[in-house]
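Today I am paging through a structure and writing down what I look up as I go.

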Amino acid sequence: MKKILSLSLVLLGCGIGFASDFHVSPNGDDRNPGTLSKPLRTIEAARDAVRTELKNADGSQRQPVTVWLHAGTYPLARTFELTREDSGTAKARVTYVAYEQEEVRLSGGVTLPAQAFTPVNHKDALRRLPAESRAHVFQANLRAVGVTDFGQHRQFGHGLPVVTAPMELFWNAAALPLARYPNAGAIELGTIIDPGSMPRSGDYSNRGGRFRYTDARHERWVGVSDVWLQGYFNHGYADDKIRIASIDLALKEVTLATPHMYSLATGNNFNQYVALNLLEELDQPGEWYVDTESGLLFIWPPDDLAKARVTVSLLNQPLVALDDVSFCTLRGLIIEHGRGLGVSVEGGESNELTDCVVRNVGTVGVMLGQGARQTFPHITADGYEGVPSSREVGSFHSHIYLNTVWERNAGRNHVIAGCEIYNTGSGGIILGGGSKKTLTPGNNVVTDCRIHDFNRRNKMSASGVIVDGCGNRVVHNEIFNADLQGIYVRGNEHVFEFNHIHHVAQNSNDASAWYLGRDPSDRGNVVRWNFFHDVGRPDRKWTMGVYCDDATADVLVEGNVFYRAASFGSVYTNGGQDIVVRNNLFIEGYGPAYQLKSMWYDFALESIPYYFGEKGLYTRRLTRDVDIKQPPYSDRYPLLKNWLDLMPDGKTYYGMRPARNVFDRNVLVKYEETFRMVGKYAATEFGDNFITQKDPGFVDAAKLNFRLKDDSVVYQALPGFKRIPFEKIGPRPRAERD
């Protein structure tokens with residue numbers, strides 16, 4: 001509706017309200033009134049006009065306000081902020097939306113003009129470039145187009161904060177790869193000469209490791225500064241990016257500038273790395289490199305430069321931030337080209353991010369609630385918390401590991417719906433909300449989203465969706481293309497339904513599609529009616545579909561379909577209690593359908609002080625973070641009350657023995673190994689399950705349609721088996737979710 005300021009104010013003064021519209025266009029002018037014919041130019045000007053509108057409206061007469069953004073790119077030199085004064089109400093929302101579904105981009109970068117690129121003539125660059133690349137690579141003087149902040153490469157990985165990216169390069173919607181070696185695959189980590197210091201055990205001497213390289217290509221990099229190796233330098237879940245300090249040609253050794261958290265180790269097929277930030281390896285279309293001294297950008301264009309939108313990221317802060325705002329909607333927008341977060345939401349209630357694209361950002365696509373800033377100056381795990389901090393991920397993972405009831409001010413009743421989130425550096429969505437301490441639900445929801453390719457930088461814990469707090473929902477999403485976890489869980493009574501999760505844990509070990517672990521007070525989580533497939537790789541021995549790690553308790557795994565899901569167990573529980581696995585379809589897994597270990601009796605007896613001592617991990621979590629013998633925990637979870645009590649032997653604890661685990665009414669199709677029970681006290685109650693080497697009556701297994709036909713043999717073999725609503729899994733069309 002066209003806005004007529006004088007008439008609308010008269011009508012509001014008479015007690016009659018109409019919805020207000022403001023129009024914005026890159027071709028507009030911020031001195032305009034914001035009408036369709038005379039739009040504003042910037043989204044910030046529109047926000048300020050809305051603030052004026054809201055201030056002038058009596059609360060009882062407030063009407064919906066819509067800001068229509070017309071096609072084009074809206075550069076963000078700073079974060080676009082919405083605060084408490086920008087709030088709508090339950091009956092009168094404030095909405096920022098793409099006009100008639102036009103392509104609207106909020107960009108934290110600078111687009112480089114095609115004429116900025118010329119054939120390479122820089123003498124040092126020509127010397128360093130591979131001979132076969134010189135005729136294909138172009139250069140651009142970034143300083144000449146006003147780009148002077150190139151950022152810096154920093155170490156990141158397991159036990160380290162998530163940090164903003166240095167400047168990155170994007171070609172249309174694609175994130176281009178920094179010049180690297182090798183172009184595909186990775187380099188095997190050679191013999192360890194010196195593992196370096198081990199911060200994980202409290203050695204903070206900061207000594208980088210030293211190893212023998214296995215690929216002669218390293219010899220091309222001698223004397224080159226700022227070369228980084230990224231890979232798995234010990235465990236298959238603990239990635240790291242570490243700078244090379246020196247390369248010794250005579251000894252064929254690499255010395256790293258800083259330590260890896262667990263120190264260096266080798267011998268597994270995942271102990272590999274790639275080398276990054278090397279002009280010497282710019283040898284295929286799409287690769288690029290920036291020389292920070294000369295300010296020159298070098299690129300082998302993947303296509304015609306004249307037809308491409310080539311953008312470098314600049315903004316270190318979130319592209320969009322909603323701080324204590326409520327009843328606000330962002331719809332149909334493309335949010336891209338940031339070095340840090342895409343969207344930050346802190347506090348407030350009932351905000352909606354709907355049908356948006358969040359892509360090509362350096363850390364996380366969307367984050368609800370605070371992150372943390374590390375104060376301890378070393379790589380760390382146990383014993384050192386950070387400081388809660390807004391608008392950054394930072395040490396979120398370490399801080400919440402040490403403070404499980406941290407309430408991150410994630411707000412309540414927020415909805416992220418119908419969005420596509422991809423090409424992010426350190427995960428897709430961090431979804432908090434609610435109180436683990438009081439078991440108050442947050443009711444925040446991620447629904448009908450496509451979240452993929454979210455491990456460009458961080459791997460461990462950089463999941464498609466990370467959930468913490470209490471009472472949040474992840475439903476009807478597709479999560480795929482990831483090196484490590486699909487969903488990472490902390491907290492209580494979250495629901496995961498109708499999600500399609502596939503091709504995750506593809507380049508790691510000890511990883512899974514869905515993960516929860518190390519806190520038995522994280523109870524009441526439901527994993528229901530999801531489709532997990534192509535999880536892990538057959539050559540990686542320790543990947544899982546649903547991973548109930550150390551002492552996980554009270555998870556319902558019901559009505560899911562697992563196909564080619566994981567080598568160590570489509571469902572795996574490590575010493576857990578009250579894990580109920582019921583009415584699932586398990587099809588052609590790489591390993592067993594179900595595995596349970598009584599882990600404490602296998603290896604934890606010698607570690608009882610660490611877990612159960614006065615300052616032990618579980619003692620702290622079950623008596624100080626929460627008190628399992630007092631309400632609300634004693635009322636809500638009575639089976640947890642004796643978890644820390646000594647058993648009759650006077651040496652071990654009730655929590656060390658698996659109990660009340662159930663595997664019932666499941667169907668196993670074409671499994672070489674069905675169940676694996678490891679340890680003296682591995683305990684599961686097996687009910688009626690159906691095991692077959694034949695197709696039990698799928699609609700179309702070849703096309704991954706595992707809905708059972710009405711006359712399937714399953715319904716005869718297991719009369720109590722309930723139909724799985726397979727056709728409802730995954731994102732729904734817009735019309736079905738409105």
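**Entry 1: cysteines.** I start with the rule I used: a disulfide is a pair of cysteine sulfur atoms within 2.5 Å. This is a predicted model, so I took local features only at pLDDT of at least 70 and side-chain atom pairs only at pLDDT 80 or more, while totals for chains, interfaces and linings use all residues. Residues are numbered from 1 along each chain as its sequence is written, and side-chain values use heavy atoms, with hydrogens and water left out.

How many disulfides does the structure hold? I find zero. Cysteine 548 is in no disulfide, and its nearest cysteine sulfur, that of cysteine 470, is 18 Å away. I also looked up accessibility, calling a residue buried under 20% relative accessible area, exposed over 50% and partly exposed in between (1.4 Å probe, protein chains only). Cysteine 328 is buried at 0%, and cysteine 548 is buried at 0% too.

**Entry 2: helix 2.** Helices (H or I, at least four residues) and strands (E, at least two) are DSSP runs, numbered from the N terminus. The buried residues I noted in helix 2 are Ile43, Ala45, Ala46, Arg47, Val50, Arg51, Glu53 and Leu54.

Next I looked for salt bridges (a side-chain nitrogen of Lys or Arg within 4 Å of a carboxyl oxygen of Asp or Glu). One of them joins aspartate 48 and arginine 51, with N to O at 3.8 Å. Both residues lie in helix 2 (residues 43-56), three residues apart, or about one turn of the helix. Aspartate 48 is partly exposed at 36%, whereas arginine 51 is buried at 16%.

**Entry 3: salt bridges across the sequence.** My search of the whole structure gives 45 salt bridges. Glutamate 81 pairs with arginine 391, their closest N and O atoms being 2.9 Å apart. Glutamate 81 lies in strand 4 (residues 80-82) and arginine 391 in the loop between strand 32 (387-389) and helix 4 (396-402), so this pair ties together parts that are 310 residues apart in sequence. Glutamate 81 is partly exposed, at 31%.

Arginine 732 and aspartate 448 form another salt bridge, at 2.7 Å from N to O. Arginine 732 sits in the loop between helix 9 (714-717) and helix 10 (734-737), and aspartate 448 in the loop between strand 36 (445-447) and strand 37 (450-452), so parts 284 residues apart in sequence are tied together.

**Entry 4: cores.** I count a nonpolar core as a set of buried Ala, Val, Leu, Ile, Met, Phe, Trp, Tyr and Cys residues joined through side-chain atoms within 4.5 Å. In the largest one, of 93 residues, Tyr96 and Trp514 touch the most other members. Helix 2 gives this core its largest share, five residues. For contacts I used heavy atoms within 4.5 Å. Beyond four places in sequence, tyrosine 96 touches residues including Ile43, Val50, Phe80 and Cys328. A second, separate core has 22 residues, among them Ala140, Trp288, Ile299 and Val310.

**Entry 5: two loop residues.** Proline 182 is in the loop between strand 13 (180-181) and strand 14 (187-188), and is buried at 12%. Leaving aside neighbours within four places in sequence, proline 182 contacts Ile187 and Val274. Its C-alpha atom is 9.2 Å from that of leucine 276, 94 residues apart along the chain.

Asparagine 455 is in the loop between strand 37 and strand 38 (465-467), and is buried at 6%. A polar atom of the asparagine 455 side chain lies 3.4 Å from the backbone nitrogen of leucine 484. With neighbours within four places set aside, the contacts of asparagine 455 include Thr424, Gly425 and Asp483.

Technical notes. Polar contact = N/O pair within 3.5 Å; in protein donor to acceptor, adjacent residues only side chain to side chain.
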